[in-house]
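Me: I have a structure to read. Please take me through its features one by one.

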Amino acid sequence: MKTQIEHLTSDRLHQSYTRIRHKSGLTVCVLPKRAAVTYGVLGVNFGANDRIFRMTDDAVYAPMLTTETMPADVFHIPSGCAHFLEHKMFAERGGEDAIARFARFGANADAYTTPDLTAYLYSTTEDPYAPLEILLDFVMNPYFTEENVARERSIIAQEIRMYDDSPMQTGYYNLMAALYHTHPIRDNVGGTEETIRDITPAVLYRCHEAFYRPDNMVLSVSGNVTPEEVLAVCDRCLPDTVTANRTQRIYLPEPKTIVTDHVTAQAGAAAPLLYFGVKDNCLSSDPTERLRHASAVDILNDILFCKSSAIFSDLYAKGWINGRFGAEYEHNETYSYTLISAETAYPAETADAIRTYLADRVRLHDITDAQFARCRRVMYASSVTAYESTEDMALDCLDSTMDGTELFSSVDIMMQITKDDLIDALDALYRPECMAVSVVT
Amino acid sequence: MTDIMKTNQNCIPLCPGTELYVIPKDTFKTDFIMFSFTLPLMAETAAEYALLPSVLCRGSEQYPTLEDLAKRLDTLYNAGIAGRAHKRGEAQVVTFQLRCLAEDVVPPEDENEGPLFVSLLDTFCDVLFSPLLENGVFSPAYVDGEKKNLCDAIRSKINNKASYAISRLDEEMFAGETYGISSRGTEESAAAVTPASLYRCYLDMLSRAPVSVTYVGRMTADEVTSALARFISHLSSFREENPTLYAPQTQVIRTAKHPLHRVEESMDIRQSRLCIGYRTGSVLSDGDFYRFALFNELLGGSASSKLFLEVREARGLCYDCASYPEAQKGVLYISCGIAADAKEEAEEAIASQIAAIRDGDITDEEFFAAKKSLVSGYREIEDSAAAIAVWYANRRAAGIATSPEETAEQVLSCTKEDMKQCAEHLTEDTLYFLRGTCTDGDGEEDWDEDTN
């Protein structure tokens with residue numbers, strides 16, 4: 001394959017960027033912007049949710065759902081693997097840490113793992129290309145030993161304990177376990193102290209080999225860069241050809257039902273924390289369809305739950321909720337949910353109020369033109385201000401590209417959403433049998 | 001890029017005790033303006049001033065409910081009025097940060113009543129100067145609601161064990177000092193606030209607090225001044241011609257006055273928190289605080305720092321171990337999350353890293369990395385209007401005017417000898433240990449299979 005280059009422009013946002021399909025298979029997005037900080041992120045399509053895979057010829061990266069018996073040659077990896085790998089990628093031969101290599105050029109480096117991806121990033125106010133070379137180099141070259149893996153295990157154990165002591169985390173994961181029967185979104189991204197005991201250098205090498213391939217990654221760079229020079233760095237650091245992918249990720253079928261509609265836990269919270277979840281079964285393997293649905297739900301949630309919404313005013317005036325109230329929506333190929341969270345002395349009453357509010361279809365169908373127009377202004381302004389920061393630009397572009405769409409299409413689709421789309425999303429998503437509540441006290 | 005940051009800001013007197021600073025910046029698609037009211041930090045009024053921004057943003061004459069005000073700001077393209085009270089040394093500063101889209105990115109096809117920035121300032125004036133009153137004081141319902149929220153927020157500190165441990169350290173370390181007063185007050189003082197006491201504080205703030213207004217964006221000083229006409233006329237009506245303005249001073253204690261004060265408490269949690277507070281002998285108004293900022297960066301300010309490399313990477317004792325400086329009072333905090341039985345080793349490891357700097361055991365590579373990391377942090381400020389405004393507001397309060405770029409130059413000129421001196425001036429004051437006593441694993445869930 002030859003390197004392919006395309007330029008993408010948004011007249012609405014007065015922005016443009018270059019998307020390169022590099023001959024190694026890597027997708028590269030370059031977003032030039034006059035700013036102090038250049039920000040680069042390399043995303044690997046391997047996250048905490050990827051727990052079962054097999055190596056086979058004719059593999060595709062899209063997840064395969066097993067509906068019958070699991071193939072015999074699959075690898076089940078312990079929870080926390082993607083996160084452990086993220087930590088340990090920074091180790092280099094000779095005992096050095098990749099952070100120190102970045103520091104030599106005045107760049108900061110970091111990484112994070114989500115259910116869906118692992119991201120390695122750097123930021124710099126100096127030469128943007130030298131750290132980019134280090135980024136591409138260290139992520140492609142693992143170095144794991146029994147000794148360095150064992151030491152990392154104790155560091156990660158402390159990270160796990162830190163989050164275990166957070167009531168917010170307890171409430172969130174209890175909700176996921178109430179909504180999902182089999183999906184690994186139930187499990188802590190970092191794993192548990194038990195599961196990380198089973199993570200060995202061999203397991204890490206196997207995951208790296210399976211997923212850390214240029215054609216399963218996206219590089220996104222924003223700031224004082226040009227497409228030509230970024231491309232030159234890629235040519236120097238990456239292979240000339242794509243090797244055939246043999247990695248097939250596997251997911252167990254997830255029933256449309258929920259596990260339980262109510263779970264409580266004690267975790268020493270100052271005031272009860274309420275996590276109200278709605279499992280969304282409108283999943284699609286088509287990225288544009290997903291984006292359209294997600295855009296409609298985002299607008300809908302804003303109208304339903306933002307600070308100018310009827311329910312927020314009502315519950316706030318009653319003193320049931322404080323400013324820590326909000327709704328967010330996660331939408332992916334294999335799982336999707338709305339999460340409404342609140343700190344409230346009245347968790348049961350607040351949950352009932354949300355249920356009643358969402359059940360009042362007549363009122364919700366009567367979304368006014370004024371509400372809709374205000375919401376479009378909010379969404380438009382959010383899109384414009386998102387491109388103030390090179391970090392936000394690079395990360396937004398990474399997310400949309402990894403999702404199989406592109407940065408500007410999200411704004412365009414957002415502006416095309418009609419009131420009817422909101423009603424459709426409302427009826428499809430907010431079904432009483434898909435709602436669960438997690439309370440932490 | 002540095003020219004803009006080096007430009008002397010225009011300082012324009014608006015009315016008694018009120019000055020406008022205009023920082024020209026043409027790279028943002030937003031206009032940003034910050035209003036800061038500086039008050040003395042006092043136990044009697046801390047809760048009042050913590051409440052004031054939220055009560056004001058709860059509703060005004062023209063926008064009497066939260067919903068009305070939120071709708072108004074949504075209509076102004078998601079414009080923001082963010083009010084809060086925080087501590088700057090031993091002053092309590094009430095700030096309102098306003099942000100809206102710059103005029104040239106407002107869709108031309110939309111119908112608006114006038115320039116967005118002026119509409120936002122009008123809305124802010126309504127919030128600040130025409131609050132919803134009942135019987136001449138704030139609405140009791142709004143005051144009660146926000147008192148409850150403030151108490152919730154004070155109690156919620158415990159949800160985050162790292163910041164909870166630091167707040168306990170503060171209480172212990174600054175027990176007899178003004179700095180020990182929380183910028184949110186206490187639950188007791190919050191509960192004692194009345195609509196009348198809050199209104200008295202409000203009037204006091206408008207008549208006696210020095211006000212600094214900082215604008216960052218593309219407008220000229222004249223344009224900003226004229227957009228502020230309504231604000232100036234309202235504020236002037238609260239001020240005498242030569243008002244007695246507050247001028248809070250911070251008492252700096254440069255060396256710990258006693259042997260290390262140790263405090264240990266237990267909690268049923270899985271990870272223990274170790275926090276140490278030091279007196280640094282260095283504050284922003286000294287003019288050479290950048291040296292201490294670099295010392296902090298070298299010690300525990302980044303993933304290339306001594307604490308991170310020794311306590312986490314070499315010994316594997318923790319996930320997080322970092323140091324944080326406080327620039328007005330002259331304090332350094334070190335905080336890490338560890339297993340309970342690693343306390344002695346972590347203490348020893350932290351002390352060894354401070355001793356290493358004191359002994360001049362600093363490699364060229366780590367010194368270079370610390371400088372680069374700090375300088376990069378200063379240069380990043382230029383990418384955020386709020387960060388620019390806060391940078392200059394803090395420095396004006398300390399009587400200095402250096403830009404981030406000038407400070408970066410100063411940092412680059414620092415020597416290892418400077419670092420040795422910073423380490424020598426550091427004295428341990430208080431050590432707070434939150435011992436985690438929970439040793440069991442999972443099994444805390446209490447499943448309730450009943451359906452509602």
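Me: Which strand does β4 of chain A pair with, and in what sense?
Reply: Strands are DSSP runs of E, at least two residues, and helices are runs of H or I, at least four, numbered from the N terminus. Two strands pair if DSSP finds at least two bridges between them. Here β4 (residues 38-44) pairs with β9 (residues 118-124) of chain A, antiparallel, over 7 bridges. A:Val44 sits opposite A:Thr118 in β9(A).

Me: What should I know about the source?
Reply: The model is predicted: local features need pLDDT of at least 70, side-chain atom pairs count only at pLDDT 80 or more, and totals for chains, interfaces and linings use all residues. Residues are numbered from 1 along each chain as its sequence is written, with chains lettered from A and ligands numbered from 1 in the order in which they are written.

Me: What is the strand order in the open sheet of chain A?
Reply: The 7 strands run β1-β2-β3-β10-β4-β9-β8, with mixed pairing. The edge strands, β1 (4-10) and β8 (107-113), each pair on one side only.

Me: Is A:His14 buried or exposed?
Reply: Buried takes 20 or more other C-beta atoms within 10 Å of the residue's own, exposed 12 or fewer, partly exposed in between; C-beta atoms are placed from the backbone. A:His14 has 12, so A:His14 is exposed. A:His14 lies in the loop between β1 and β2 (15-21) of chain A.

Me: What is the phi of A:His14?
Reply: Most residues other than glycine have a negative phi. A:His14 has a positive phi of about 55 degrees, and is not a glycine.
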